[in-house]
Amino acid sequence: MNKYSASLVGCAIGDTLGMPVEGWKKEQIQKYVGKITSFIDPVLVKDKEGKLIEKDEFGELKYWTKDFKKGEYTDDTILSLTIAESMAELGEVNIEDIAKKHLEIFNKDNKGFGGTTREAMDNLNKGISPFSSGVIGGPGNAPAMKMSPIGFYINATKKYDEGLKHAETIGKITHLDPRSIVSGVLQAHAIHSVLNNFSRKEFVSSLTEICRKWESPLEEKFTWHEQGNLLSRIEWIEKNKDANPEIAYEVIGCSSAVYQSYPFALFMFQKYWNNPIDGLIELVNFGGDCDTTGAMYGSLAGAKHGDVFPEHLKKGLNNIEHLITIGSKIDEKFK
């Protein structure tokens, strides 16, 4: 399995591990599951009458993935795969084709898609160009969670600046919040950097540099949805690389807001630089947007380490052969 395939598989494994408890607090995972170490069905907590319990002492119990099954990945991997499939077929980054593939999969089965992405897909369905379809919604993770194939493109073609511009444009198909856009640019860079054997120190410092370069100009163009940015958290990571994950969790956060979830995934990845599976398991069990943090982390782990994932996870993952095949086709197409 080459590293492009491993990155796609890692994305799907992280996504699928977090899927059953997406949106849960870590205390809720501990109470009802114990610790997630393998794929399970969505966790549905019911009362004596068989009705779903909507709230416990820790807060709301969310069932966003109740229609999924064990081993099934969500939109995090699905959208990554549409970009990878387009690249494998065309041998280039074609925004119109990527948007077309996004829309086809959304119209086929849109369970699990976030609100901002849904609104943008509605725009595409109305015939609006993918260069104008994005919306200011919540500062979501969609650009970061799906952008690993653009890191492959940069690695294969050596067209670094062009690749980052592609990441920006792809992010804008759905999201116009600057933090969301920048997260996609950062993930493309991050995938490229680990494919090129950056050291841990180089990896973290380069993230700070890229974020500082990209986030401020975009901030001037778009309205902030709410307070909070990526840069302050990524700068914290650079200064606190060896911090306890519990402290990082308290400082950075792990909600579905991209300025929390993406930096937390990056912190855990660099913290567990040489122990990627331990870090992935710990990350998912912190809860929050844990299918997405798992997907972003898993993409990086596969790109850095290759086929490092346990056999029981690979065997339990839906559609793994297709993921491996697409990664191989990208490698062949861009040689």
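This is a predicted model: local features need pLDDT of at least 70, side-chain atom pairs count only at pLDDT 80 or more; totals for chains, interfaces and linings use all residues.
Let me begin with the overall form. The protein chain contains 17 helices and two strands. Its radius of gyration is 18 Å, close to the 20 Å that the globule rule gives for 335 residues, so the chain is as compact as a globular protein of that length. If you draw a box along the principal axes, the C-alpha atoms of the protein chain fill roughly 55 × 45 × 45 Å. When we take the contacts in the chain with a separation of 6 or more, residues 24 or more positions apart account for 73% of them.

Now to the aromatic rings. In general, a pair of aromatic rings is described by the distance of the centres and the angle of the planes. How many aromatic pairs does the count come to in this model? The count comes to 13 aromatic pairs. Take Y153 and F334, whose ring centres are 5.8 Å apart and whose planes stand at 90°; since an angle over 60 degrees counts as edge-to-face, this pair is edge-to-face. Because Y153 lies in helix α7, residues 148-157, while F334 lies in the segment after α17 (320-333), the pair ties together parts that are 181 residues apart in sequence. Y153 and F334 are both buried.

A second pair, F203 with F269, is also edge-to-face, with 5.5 Å from centre to centre and 65° between the planes. Here again distant parts of the chain are linked, for F203 sits in helix α10 (residues 200-221) and F269 in helix α13 (residues 258-271), 66 residues apart. F203 is buried, and F269 is buried as well.

As a general point, rolling a probe the size of a water molecule over the atoms shows where empty space is left. The count comes to one cavity of 30 Å³ or more, and the largest cavity holds about 30 Å³ of space. Which residues line the largest cavity? They are F203, V204, L207, I234, I237, L266 and Q270. Helices α10, α11 (230-239) and α13 each supply at least two residues of this lining, and the largest share, three residues, comes from α10. Sorted by class, the lining of the largest cavity has six nonpolar residues, one polar and no charged.

The largest pocket has a volume of about 520 Å³. It is lined by 24 residues, and the closest to its centre are E22, F113, G114, G115 and S256. The elements that give two or more residues to this lining are α3 (75-90), α5 (115-125), α6 (142-146) and α15 (290-305), and the largest share, four residues, comes from α5. By class, the lining of the largest pocket has six nonpolar, twelve polar and six charged residues.

The second largest pocket contains about 330 Å³ of space. Fourteen residues line this pocket, and Y73, I78, I105, K108 and D109 lie nearest its centre. Helices α3 and α4 (95-108) each supply at least two residues of the lining of the second largest pocket, which by class has five nonpolar, two polar and seven charged residues.

Is F286 buried or exposed? Its relative accessibility is 5%, and because the cut-off for buried is under 20%, F286 counts as buried. Leaving aside residues up to four places away in sequence, F286 touches K26, P245, E246, Y249, F264 and M268. F286 also shows how positions in sequence and in space can be set side by side: F286 and Q30 are 256 residues apart in sequence and 9.4 Å apart in space, C-alpha to C-alpha.

Conventions
Residues are numbered from 1 along each chain as its sequence is written. Side-chain values use heavy atoms; hydrogens and water are left out. Rings of Phe, Tyr and Trp (its six-membered ring) pair if their centres lie within 6.5 Å; planes under 30 degrees apart count as stacked, over 60 as edge-to-face and the rest as tilted. Buried means under 20% relative accessible area, exposed over 50%, partly exposed in between (1.4 Å probe, protein chains only). On a 1 Å grid over the protein atoms alone, a cavity is a set of points where a 1.4 Å probe fits but cannot get out, and a pocket is an open set with protein on both sides within 12 Å along at least five of seven lines; lining residues have an atom within 4 Å of a point. Grid points are joined across faces, edges and corners, and a volume is the space filled by probe spheres set on the points. Ala, Val, Leu, Ile, Met, Phe, Trp, Tyr, Cys and Pro count as nonpolar, Asp, Glu, Lys and Arg as charged, and the others, Gly among them, as polar. The radius of gyration is taken over C-alpha atoms; the globule rule is 2.2 Å times the number of residues to the power 0.38. Contact means heavy atoms within 4.5 Å.
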